[in-house]
Amino acid sequence: MTMTDDPATHMGSHRLRREDPALLTGEAQFIDDMSLHGEIWVGIVRSTEAHATILGVDGRAALEIDGVTEVLSGADLAPLWGEGALPCAWPVTDDMRDPAHLPVATSVAKYVGDAVAVVLADSRYAAADGAAAVSVDYDPLPAVVDIEAAVAEGAPLVHEDLGTNESYTWPLIPDPKAVDAAFAGAAHVVSERYVQQRLIPAPMEPRGVIAAPGVANGELTLYSATQIPHILKVMTAVTLDIPEHKIRVVAPSVGGGFGCKLNVYAEEILCCALAMDRGVPVRWTEGRSEAATATIQGRGQVQHIELAADADGKVQAVRVKLLADMGAYLQLVTPGVPLLGAFLYHGCYDVAHYSFECTSVFTNKTPTDAYRGAGRPEATYAVERAMDSLAVAVGVTPEEIRSRNFIAADAFPYESCAELTFDSGDYQAVLDKAVAMADLESVRAEQAQRRADGSNRQIGVGLSSYVEMCGLAPSRVLASLNYGAGGWEAATVRVLPTAKVQVITGSTPHGQGHETSWSMIVADKLGIDPDDVDVLHSDTAISPTGLDTYGSRSLSVGGTAVFMATDKVLDKARLIAAHQLEANEDDLEYFDGAFQVKGTPTAAVPFAAIAFAAFTAHDLPDGMEPNLEAHVTYDPPNFTFPNGTHIAVVEVDTETGNVDIVDYVAVDDCGNQVNPMIVEGQVHGGVLQGAAQALYEDAVYNEDGQIVTVNLGDYLVPSAAEAPVYRVASHVTPSPTNPMGVKGIGEAGTIAATPAVINAVVDALRPTGVTDVTMPASPQTVWRAINEAQGGAS
Amino acid sequence: MIPASFDYEVAESAEHAVSLLADHGDEAKLLAGGHSLIPMMRFRLAAPTVLVDVGRLDDLRYINSANGTISIGALTRHSELEHSALLAESCPMLASVAALVGDPAVRHRGTLGGTLAHSDPASDLPAAVLALGATIVARGPGGDREIAATDFFTGYFESALADDEMIVEVRVAASAGGWNYQKFNRRAQDWAIVGVAVAEGGAGVSLVNMGATPLRASAVEAAVAAGASAGDAAAVAADGLQPPTDLNADADYRRHLARVFTQRALKAAGVA
């Protein structure tokens with residue numbers, strides 16, 4: 001397949017997003033733009049204690065407030081969900097501990113933000129006033145905040161009945177003896193400990209829910225700012241014991257998710273249960289500060305990584321031990337997040353022996369779950385930081401240590417030591433391109449000059465070469481990991497009588513531009529204008545089957561389903577054309593929107609004529625069903641493996657500790673590109689989100705388990721003003737896994753940027769003796785690291 | 001993030017605003033640009049029962065100059081300071097500092113009178129006004145009175161304004177000497193972690209976010225006056241101060257930053 005910038009071929013062109021006019025003019029409808037007749041509002045009383053017995057809930061003052069109609073404790077609400085608890089769909093081991101997780105706590109609050117009571121009111125204002133007026137009597141219990149402290153002897157327990165704070169231990173150690181032998185014989189051993197701080201996802205739109213009952217027939221429509229209407233429908237049915245065919249889930253315009261809307265939340269189940277019970281629409285809108293604790297957080301790991309290398313720095317073995325913070329409960333895929341990185345701690349390097357073990361731990365904090373990259377940024381951070389340490393130990397440049405270890409371009413498909421099959425790549429070519437673009441020779445000359453001058457503005461260079469596993473996921477592989485669902489995606493391509501086309505996708509966009517990209521795929525195959533292709537999604541009544549959007553899966557799985565459904569439409573159209581031309585179908589070719597007999601352009605049937613013929617059904621081949629429509633469910637045979645090298649150049653003010661990213665080069669291989677503009681946008685946003693973990697963002701808890709970063713003044717999401725000037729390029733090796741040769745780009749920037757930036761900061765500080773900087777590398781943190789390295793006060 | 005219930009009154013004039021303040025006592029707050037007050041109300045850190053909106057008093061939006069004194073109406077927006085040709089010519093530091101407040105949306109709503117009355121020790125313009133030795137004109141039931149900037153900031157978010165007074169004008173002398181403003185923050189729209197304003201070649205030096213109020217750095221000014229180098233003068237910038245500790249900076253780091261940025265500001269203002 002060719003992809004070009006020729007406007008006659010849409011795939012490969014920088015086509016503007018059709019989604020944007022409605023988003024930019026405010027016409028797009030988000031949850032909070034909707035209102036339903038008779039709706040009531042929910043205000044949620046959240047625990048102010050990290051761990052406490054709930055002695056009582058006093059709603060008298062709240063009930064005095066005009067508009068407040070009811071105050072309900074967890075115990076009052078318990079009959080609404082009976083045995084049903086919030087679901088965890090990924091029991092990664094058979095003996096994983098998964099404590100019952102009720103939407104509203106009944107007896108013990110387990111984290112600041114845990115729902116402990118509910119106010120019903122006739123407006124959002126009254127609900128907020130009412131929630132603020134409810135008095136909860138707590139008897140505080142010792143809180144477990146730090147994950148290393150949580151596994152120490154005698155630690156307080158988050159869940160007393162479990163007898164431990166460990167949820168599970170999951171090993172991936174194909175050959176332990178070989179790993180030990182490699183370390184015993186190594187010329188260089190790098191052994192590092194890194195901390196992945198917790199992050200607050202902070203999408204532009206916080207969450208929101210409206211549950212609307214159809215009382216006469218026992219129906220329920222759930223509107224939610226979710227990434228996963230299809231999964232949510234199944235889970236709501238199971239949790240509340242509502243027949244699944246009575247439930248419709250709609251995700252209207254959704255203002256970003258980054259993984260945090262890939263969940264089944266207490267508020268969704270609560271609003272549905274109340275709506276079914278009361279027979280009126282019930283709604284809740286999350287506040288920004290509420291989102292800091294009521295929505296899942298990302299990362300939260302302590303990583304121990306060791307590399308064993310020979311004298312030349314060739315890595316023989318990688319050994320990883322991970323402590324992962326689950327928070328107080330397991331949300332939808334909480335325990336699986338470390339597993340999504342478990343296979344990738346050897347990075348893009350040809351390593352023979354591998355050992356990975358993760359222990360997951362409960363703490364009295366908001367649950368963690370998937371956040372952009374989910375496991376893969378953590379893995380890449382560890383191996384890319386450690387590779388820089390190895391480069392120092394061996395005495396070579398960061399690019400040289402990577403080149404000595406890369407999986408060779410001719411080794412694909414490559415069987416990894418963690419038992420994955422990498423699809424395609426040319427990691428050395430990608431790195432060479434990035435090094436050339438960054439002009440590292442000049443940058444290093446400037447760095448040497450400033451070091452010689454003792455300048456208070458030191459330059460640092462940081463590389464990060466990454467590979468990720470995307471295209472989630474082959475269903476049988478998910479089965480082997482104990483995941484509770486498959487990884488396929490569904491698509492329907494429906495040709496209307498006038499040759500306009502509807503595409504129905506099970507992949508649910510929340511900012512990615514599916515409508516634009518899917519229309520380009522279909523238009524190119526059918527030889528029509530993308531504007532003649534409509535893309536429908538995000539409503540289970542319109543798109544009944546799907547597995548939604550996460551893990552950079554949409555194009556490589558959902559887009560492939562669309563591609564294949566379009567092929568099926570063309571196959572049927574070809575039969576109709578052959579019938580009309582009285583020709584053998586094998587003698588036809590499809591060119592410029594028409595079937596013609598090969599070599600005889602005068603004998604042609606345009607697509608529009610076929611579409612109308614399929615509709616009238618006056619003259620179809622014998623036995624053929626009317627209409628032109630095809631449905632495909634595509635289960636990918638393998639993951640895809642996007643990769644790249646990013647280079648950050650930073651300037652550190654050694655007097656203040658301030659870090660500026662002065663250059664940023666990203667070279668990515670996401671396979672073939674349907675819309676390079678969308679690819680670039682994903683890289684830009686991803687890089688800034690990754691740099692944010694490196695320099696800005698941190699969900700800060702104090703020793704009592706109180707979170708102190710609950711607004712965007714304290715939780716430092718960077719803005720456009722902090723963004724570096726990105727210099728982006730690509731190197732394409734098409735994926736052999738799917739017919740379009742695509743891999744995925746949604747998380748690449750986030751995965752690559754964090755270690756690139758921190759490696760650059762450490763490189764800048766090398767003359768001061770600093771060898772590590774904790775994240776986020778705030779000015780104060782950097783300043784103290786310098787002081788400490790120089791033996792001064794920290 | 002939902003404010004408590006409040007009543008709302010639109011002031012027709014400064015006098016009307018003052019009379020509404022007199023009627024409601026300390027239950028009322030003036031609303032100008034609202035970009036400090038409204039967020040505090042949404043966090044429920046402030047819960048006035050009456051808001052008196054003075055944001056439409058366009059007769060208090062002006063920048064005039066006469067006899068070497070620049071008079072600025074209290075409702076003048078930060079963006080108007082930022083783009084004023086008069087200030088660029090006669091008091092460039094004020095325009096330059098205004099350009100660093102918040103983000104464009106904040107600068108198009110925020111007012112000079114509002115930011116002074118709010119008296120946030122982390123805000124930029126109060127420190128600038130302090131270094132410039134400005135005079136603040138307050139209107140009350142008994143008429144106008146002048147308050148020297150050095151007497152204006154009395155405590156943490158507290159000023160010399162009475163409950164029934166509003167700022168109507170700020171007066172600064174046309175400045176001549178070297179000046180500079182150093183603002184250290186992590187994101188462009190954030191408050192300063194530490195800021196340093198130097199006016200009149202080091203005769204006026206003030207500090208942002210180094211205590212309960214914007215502070216005049218008298219020891220630095222004295223050192224400069226005595227002929228000290230920028231480095232020597234900056235060395236005393238944090239002496240005796242009790243700066244706050246927050247997520248961005250502990251007190252010791254803030255003291256260090258105050259010395260670093262005072263030195264940089266003095267040098268940029270022409271002190272050797």
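Biologist: What makes three domains of chain A, and what are their bounds?

Modeller: The bounds come from an automatic or database domain assignment. For chain A that assignment gives domain 1 (34-141 + 204-256 + 261-294), domain 2 (298-472 + 638-789) and domain 3 (488-634). This is a predicted model, in which local features need pLDDT of at least 70 and side-chain atom pairs count only at pLDDT 80 or more, while totals for chains, interfaces and linings use all residues. Residues are numbered from 1 along each chain as its sequence is written, chains are lettered from A and ligands numbered from 1 in the order in which they are written, and side-chain values use heavy atoms, with hydrogens and water left out.

Biologist: How far apart are the centres of domain 2 of chain A and domain 3 of chain A, and how many residues does the contact take from each?

Modeller: Taken over C-alpha atoms, the two centres are separated by 40 Å. The contact (heavy atoms within 4.5 Å) takes 20 residues from domain 2 of chain A and 17 residues from domain 3 of chain A.

Biologist: How much area do these two domains of chain A bury between them?

Modeller: About 1,300 Å², 66% of it on carbon and sulfur atoms. Buried area is the accessible area (1.4 Å probe) lost when two parts are put together, summed over both. On the side of domain 2 of chain A, A:Leu472, A:Val674 and A:Met740 supply 39% of the area buried against domain 3 of chain A, more than any other three residues.

Biologist: How many salt bridges and polar contacts are there between these domains of chain A?

Modeller: The salt-bridge count is 0. The rule finds 3 residue pairs in polar contact, both at pLDDT 80 or more. The side of domain 2 of chain A that touches domain 3 of chain A divides into 8 nonpolar, 8 polar and 4 charged residues.

Biologist: Why is the pair B:Asp252 and A:Arg784 called a salt bridge?

Modeller: The term requires a side-chain nitrogen of Lys or Arg within 4 Å of a carboxyl oxygen of Asp or Glu. The closest N and O atoms of B:Asp252 and A:Arg784 are 2.8 Å apart, so the pair qualifies. Between chain B and chain A the count is 5 salt bridges.

Biologist: What else joins chain B and chain A in polar contact?

Modeller: There are 13 residue pairs in polar contact, both at pLDDT 80 or more. A polar contact is a pair of N or O atoms within 3.5 Å, one able to donate a hydrogen and the other to accept it; residues adjacent in sequence count only if both atoms are side-chain atoms.

Biologist: How many residues of each chain are in contact, and how much area do the chains bury?

Modeller: Chain B contributes 23 residues and chain A 36. They bury about 2,200 Å² between them, 56% of it on carbon and sulfur atoms. B:Arg186, B:Arg187 and B:Leu247 supply 32% of the area that chain B buries against chain A, more than any other three residues.

Biologist: How do you know that the structure holds cavities, and how many?

Modeller: A cavity is a set of points on a 1 Å grid over the protein atoms alone where a 1.4 Å probe fits but cannot get out. The structure holds 6 of 30 Å³ or more. Of its 19 lining residues, the closest to its centre are A:Ile200, A:Ala202, A:Arg288, A:Ala291 and A:Ala292; lining means having an atom within 4 Å of a point. The lining of the largest cavity draws at least three residues from each of domain 1 and domain 2 of chain A.

Note on methods. On a 1 Å grid over the protein atoms alone, a cavity is a set of points where a 1.4 Å probe fits but cannot get out, and a pocket is an open set with protein on both sides within 12 Å along at least five of seven lines; lining residues have an atom within 4 Å of a point. Grid points are joined across faces, edges and corners, and a volume is the space filled by probe spheres set on the points. Ala, Val, Leu, Ile, Met, Phe, Trp, Tyr, Cys and Pro count as nonpolar, Asp, Glu, Lys and Arg as charged, and the others, Gly among them, as polar.
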